[in-house]
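I opened the notebook to record what I looked up in this model. The entries follow in the order I made them.

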Amino acid sequence: MFLKCLLILFCTLFSLIGADAPTCRFALKYTTDEISSCGSCRTQFIQDVMFWEGHFHQPGVGYHAATGLTYDGHGINYTTGELADPLHYWSAASKESIHLMMLAKALDGDSNAKVFINYNNPDKAESTALEILQAKIKSYQLFNTTYPGFGGYLPWYYITSSGVIPANGWENRVPSLDNGEMIWAIYAIIQVLQSNLQQYTLTQMSDKINLYQTLLSDYQDYFKMLAQNAKIMFYHGNGLIRAVVSIKNVSEPPSPDNYADDCECWLNDPYEGELFAFFLDLYASGFTDQEKESIWVNKRGLLQAAHYDTPKGPVVVQRGWWFSSHEQWKYLELPYVEVPINNLIFMNGEKIRTWNSRLKNIPGLFASVTNVTTRNGEDTGYISALGIPEIAFQPAVSQEVITPYGSFPIIYANQPVGLAWYHSMLVGPKMQGPYGSTESVNVEGTEIAPVLTWDSKITTVVSIVGGVSDIVSKGLKTDMKFNRFYEIVDREWRLVFEDLINNSTKIDFVLPSLKIPSNLPDFTQCSASFQ
């Protein structure tokens with residue numbers, strides 16, 4: 001095993017410094033055992049992942065050059081794996097959050113993130129990241145100037161030749177969940193800009209100081225504006241947060257009279273929607289202590305325990321909505337795992353994610369994702385209800401479509417095991433192409449979703465580099481907000497789980513044992529024989 005690891009490392013390093021780049025079908029070079037147990041193999045595998053996922057991080061593919069804003073993604077040809085219509089010229093704050101997190105990690109010095117940001121020249125990743133951040137903040141500012149009624153918050157939007165406009169159905173509406181994801185990514189950007197500026201000021205690198213000062217000021221001002229407008233836009237009262245707010249006049253600046261409930265639907269989930277609740281509690285203007293507490297009281301109904309029966313006994317986990325991996329997004333951004341009781345329940349859930357697939361002979365993992373098809377040009381829609389029905393609120397949960405990004409919370413919990421599951425799906429038919437991983441595949445290996453999106457590709461990349469929760473944690477401690485965050489998480493999770501922990505069976509993670517059936521040929525531009 002040790003000699004095999006060294007051979008893989010040597011061969012890949014040779015290819016990187018030689019004339020030819022490594023093949024995009026690199027997953028076939030590794031075995032599941034190597035990914036889980038060989039550290040040097042895993043290190044090289046991660047470098048390969050960053051290099052090829054970095055091909056998605058290009059203007060015209062993953063983002064728009066002039067605005068710096070993300071596209072939702074891009075279609076690919078079912079046969080070749082090359083780009084094909086449609087370009088997903090729409091996007092949302094949630095996609096922005098993923099991009100911002102990777103930019104933050106690159107600026108924070110993460111070598112793998114640098115490869116993703118500029119796979120052609122990682123040494124220039126800082127410059128690339130700063131250029132994109134400049135374009136982004138100008139786009140955010142311009143959108144706010146054009147549509148002040150949105151208060152700086154992003155709806156689903158279109159990137160058009162005439163600029164950025166609200167998408168159909170979102171002309172006067174804006175969601176809180178997606179913006180909560182984006183807000184904490186902006187917060188991470190601010191922390192890194194501030195840290196780097198301090199270092200450059202000490203070393204008197206004048207060519208960097210002015211740019212960092214400008215960017216830091218712009219992003220701080222934007223964050224403050226979001227904090228100032230949050231309550232009057234999204235707080236209904238009585239502890240209720242609007243999931244979507246209706247804007248009466250998008251040309252008018254924020255005022256209480258300009259907003260109304262879009263529906264009787266509240267952001268009260270204990271999943272990724274909780275990111276916005278923490279923003280309201282920790283940074284939004286105008287809340288009393290009583291109002292803050294009422295938010296957490298109203299959220300308690302959906303924070304529930306569930307038991308999953310394994311051959312070794314029942315395991316206590318947090319009940320999911322569908323128990324889709326997508327629901328664990330918040331762990332990438334806030335330091336939940338620094339709270340012991342939360343970390344214990346989180347780890348239990350991710351262990352069960354692996355057990356569920358192993359026990360049911362499923363060759364992969366579940367997360368909300370684009371549905372599969374047999375050809376290009378068919379709009380198959382999005383399947384939200386992918387997960388584990390035994391431990392979900394929603395009983396109608398499909399287990400027919402799997403996706404590589406279903407592994408991202410496991411990677412966050414235990415990188416060797418999570419990457420083994422990720423790898424096991426990448427070796428499936430048509431699951432790697434010239435732009436990295438493919439969206440999804442059915443469990444029979446007969447159909448894929450021929451598309452590339454931020455959610456299904458880059459959440460995994462963010463998890464591999466550790467998310468930004470460490471950066472956010474440092475910021476919260478500096479701002480004297482961490483204790484409040486810890487207090488809330490510890491209190492709310494103890495209310496549900498403290499009396500159940502001792503009766504929960506202790507189990508380990510399990511590795512994949514099945515491969516996706518090879519019932520499709522690989523992409524012609526990314527097969528084992530293609531170089």
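Is helix α7 mostly covered or mostly open? I found it mostly covered, with 19 of its 27 residues buried. Buried here means under 20% relative accessible area, exposed over 50%, and partly exposed in between, with a 1.4 Å probe and protein chains only.

A note on the source: this is a predicted model, in which local features need pLDDT of at least 70, side-chain atom pairs count only at pLDDT 80 or more, and totals for chains, interfaces and linings use all residues. Residues are numbered from 1 along each chain as its sequence is written, and side-chain values use heavy atoms, with hydrogens and water left out.

Entry, α7. I checked its length. Residues 177-203 reach 40 Å from first C-alpha to last, close to the 39 Å expected at 1.5 Å a residue. The expected span is 1.5 Å times one less than the number of residues. Helices (H or I, at least four residues) and strands (E, at least two) are DSSP runs, numbered from the N terminus. Gln-204 follows α7 and has a positive phi, near 55°.

Entry, α3. I ran the same check on residues 39-53. The 15 residues should span 21 Å, and the end C-alpha atoms are 21 Å apart, which agrees. Of these 15 residues, 11 are buried, so α3 is largely enclosed by the rest of the structure. Among the buried ones I noted Arg-42, Asp-48, Trp-52 and Glu-53.

Entry, cores. A nonpolar core is a set of buried Ala, Val, Leu, Ile, Met, Phe, Trp, Tyr and Cys residues joined through side-chain atoms within 4.5 Å. The largest has 159 residues. Tyr-219 is one of those with the most contacts inside it, as are Tyr-153 and Trp-184. I listed what Tyr-219 touches (heavy atoms within 4.5 Å), not counting residues up to four places away in sequence: the list includes Leu-133, Tyr-140, Ile-186 and Leu-193. A second, separate core of 11 residues includes Ala-306 and Ile-507.

Entry, sheet. I traced an open sheet of three strands, in the order β2-β1-β20, with antiparallel pairing. Strands pair if DSSP finds at least two bridges between them. β2 (83-88) and β20 (451-453) stand at the edges with a single partner strand each, so one side of each lacks a neighbour in the sheet. β1 (residues 73-76) and β20 share three bridges. Gly-75 has Val-451 as its bridge partner in β20.

Entry, Asp-470. I located it in helix α15 (residues 469-478). Asp-470 is partly exposed, at 34% relative accessible area. Leu-332 lies 138 residues away in sequence and 9.1 Å away in space, C-alpha to C-alpha.
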